[in-house]
Structures are given as C-alpha cells and as structure tokens.
Amino acid sequence: MKAVRFSQFGGPEVLEIVDLPDPHPGPGQVRIAVRAAGINPSDWKKREGLMDPELPQTLGYEAAGVVDELGEGVADVAVGDRVFGFSAEGAAQAELAVLSYYAPIPPSLDFPGAAALPAAVETATRALDQLASGGTSGSGGTLLINGASGSVGSAAVQLAVVRGARVIGTASPANHTYLRSLGAEPVAYGEGLVEQVRALAPDGVDLALDVAGSGVLPELIELAGGPEHVVTIADFVGAQQHGVRFSRGDAGRALHALADVGELIKSGRFWLPVAQTFPLAEIAAAHRVSQDGHVRGKLVLTVEPHC
C-alpha cells in the first residue's frame, strides 16, 4: 500500500509517499480501505522533530473508509460497512489503515466529513469532561473558548451548547458570523480580551477552555476565577507556569464521543466543516496550509481506492 512517511526531520519537502506492507487487524480491530484521513497540527510538529524522536515515521491517527478485513472477535461491523475512527498505529494517511476504535459513519456524511471528526470530537469532549470534573457544573454555566473557530474549537462550541452552556468564543472578526452559526457569542483575539468578555459577562465566566495556545492563560484565569476552572489543550508550558490543567490523550481518551456524535449529527445539532481537501500525493501542500494556521474547520486528505 502507499502511505505518507518521512525519514528525516524538516520542512514539508521531507514528506514522501512510499510503499509499505499491507497492515492486518488484531483482535477487536478492523482494517479499512481508507477514503479520507484527517490532518492535525501534531502532524507538522512530528515532521519537525518536536514530538517523537524516532525515524522513520508514518502519520495519521484518524480516518474514514470501508471495512475490508475484520480482526478476531469483531461482530459489530461487517466487511463493506462505512466507518470512521482512530488508528493507534499512527499510520492512517495511507491506502489501508487498522482502526482500534471506530463507529459507523452517519448516513448524511461523506468520507471527508467523517474523517474530520475523530480527533476534534474526542479532544473537545475530553476537555469539556475535565472542566466539568473540576468542581464546576458542566451545564448551565458560561464557558469561554479561546480559539473557537478551528476544528477542535468548533466541536467544543457545539458540544458545550448541547450540554446547556452559554458559550463565548474568541476568533478573528472574519469568523464571528461562523461562530454565531455554531451557537457562540464571538469576541476578538488580542488586546482587550478581558474587557470584551466582561461586556458580555460582567461577572466573568464559569469555565474557560484554551484551544489556541496564544498566551492568554492569565486572562482566562482572571475571567474564570482561578486556574482550577481552566483547561488548555495547546499551552503545555503555560499550564505548568500558571497551575492550569493540560489535557492530553494519554490521561484517558473520551472514546465514547465517536458513537455519541453520530446521534447529534443525525438530529442536526452538530456539524464540522471541512476547510479543504488534498489528494494523498499533495501531503506537502496540506502541511503548509496546516502550519500557516487560521483554518476554519478541518483539513483532510482524500485517498483513491487501493488496488
């Protein structure tokens, strides 16, 4: 099968499409013929050597496609079913991928739309669950999301609204209409953030979620009334400096989110836009767009059927 790989750290030019052995599922896993795979900021961070030290590396933790091989004990899907989910092996940007966690693709979604879901939905759900477990009610209060127009932010806005929260979201002015369509009240990035939020919520907010990692944790702590009411998924150093919880997957993933989001999509309460798609061969161009930032929604690779 063809797959994305890099054998040295560097810019997008180090990415290659190589031939690798076809994978096979283990117990409880399924293999899919990949039709689309999600692109995340962690991809270019890995490529630049900012995360994992080993070489070579494949890429991709989320994909959507058609089941073509079942692992031992799998009885909830059949060959030919459309599913989306996570590849624990980190090799989903390929013609074939083994999924360790999966769910049926909602009938209304195409493959790129389904491939956009797993990382964004799981990350947003996990962060919201962690905020709710911090001693403040996860419903009925006011939540501030810093970086609300990207894929994780968009998911978090809608999932919080479903839980009954009032959501205030930061984004560039060009994305304010989009945030309103998701159910959030928008404010602009940058100077005057505290004042803007207090104009909408004079007493501050109950909880704050930092998706953007733009150095605003002190402001979020001030607005939320303490670091225990703030979670960040993007500012590891700032979290250590300010006593804020840093949400990471190795502390336990919210895998129930994959099945849960299907019902929300069917009922019209959740959607995640695909900002742009790229053929597998154009992975370098996809990385350039991802690294540039300012993407509304999700970047997705599309994959031709494997022969």
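**Pocket lining, helix packing and overall form**

In this predicted model, the lining of the largest pocket draws at least two residues from each of α1 (41-47), α3, α4 (151-162), α10 (283-292) and β16 (298-302). Among the contributors to this lining, α1 gives the most, with five residues. The largest pocket holds about 1800 Å³ of space and is lined by 49 residues, of which N40, P41, S42, K45 and I233 lie nearest its centre. By class, the residues of this lining divide into 20 nonpolar, 20 polar and nine charged.

Two packed helices are described by the angle between their axes and the distance between the axes. For α3 (residues 118-132) and α9 (residues 256-266), the axes come within 9 Å and cross at roughly 105 degrees. Since angles of 65 to 115 degrees count as roughly perpendicular, α3 is therefore roughly perpendicular to α9. On the α3 side the contact is made by P118, V121, E122, T125 and D129, which meet H256, A257, L258 and V261 of α9. In terms of residue class, this contact of α3 with α9 comprises five nonpolar, two polar and two charged residues.

The protein as a whole contains 10 helices and 16 strands. Its radius of gyration is 19 Å, close to the 19 Å that the globule rule gives for 307 residues, so the protein is as compact as a globular protein of that length. Along the principal axes, the C-alpha trace spans about 60 × 40 × 35 Å.

A further local feature concerns the backbone. Most peptide bonds are trans. The bond that joins L55 and P56, however, is a cis peptide bond, with omega at about -10 degrees. Of these two residues, P56 is placed in the loop between α1 and β4 (57-58), and α1 is the helix that gives the most residues to the lining of the largest pocket.

Key: Residues are numbered from 1 along each chain as its sequence is written. This is a predicted model: local features need pLDDT of at least 70, side-chain atom pairs count only at pLDDT 80 or more; totals for chains, interfaces and linings use all residues. Side-chain values use heavy atoms; hydrogens and water are left out. Axes are lines fitted to C-alpha atoms, for helices over the stretch in contact, and angles run from 0 to 180 degrees between N-to-C directions. Helices (H or I, at least four residues) and strands (E, at least two) are DSSP runs, numbered from the N terminus. Angles under 35 degrees count as roughly parallel, over 145 as roughly antiparallel, 65 to 115 as roughly perpendicular and the rest as oblique. Contact means heavy atoms within 4.5 Å. Ala, Val, Leu, Ile, Met, Phe, Trp, Tyr, Cys and Pro count as nonpolar, Asp, Glu, Lys and Arg as charged, and the others, Gly among them, as polar. On a 1 Å grid over the protein atoms alone, a cavity is a set of points where a 1.4 Å probe fits but cannot get out, and a pocket is an open set with protein on both sides within 12 Å along at least five of seven lines; lining residues have an atom within 4 Å of a point. Grid points are joined across faces, edges and corners, and a volume is the space filled by probe spheres set on the points. The radius of gyration is taken over C-alpha atoms; the globule rule is 2.2 Å times the number of residues to the power 0.38.
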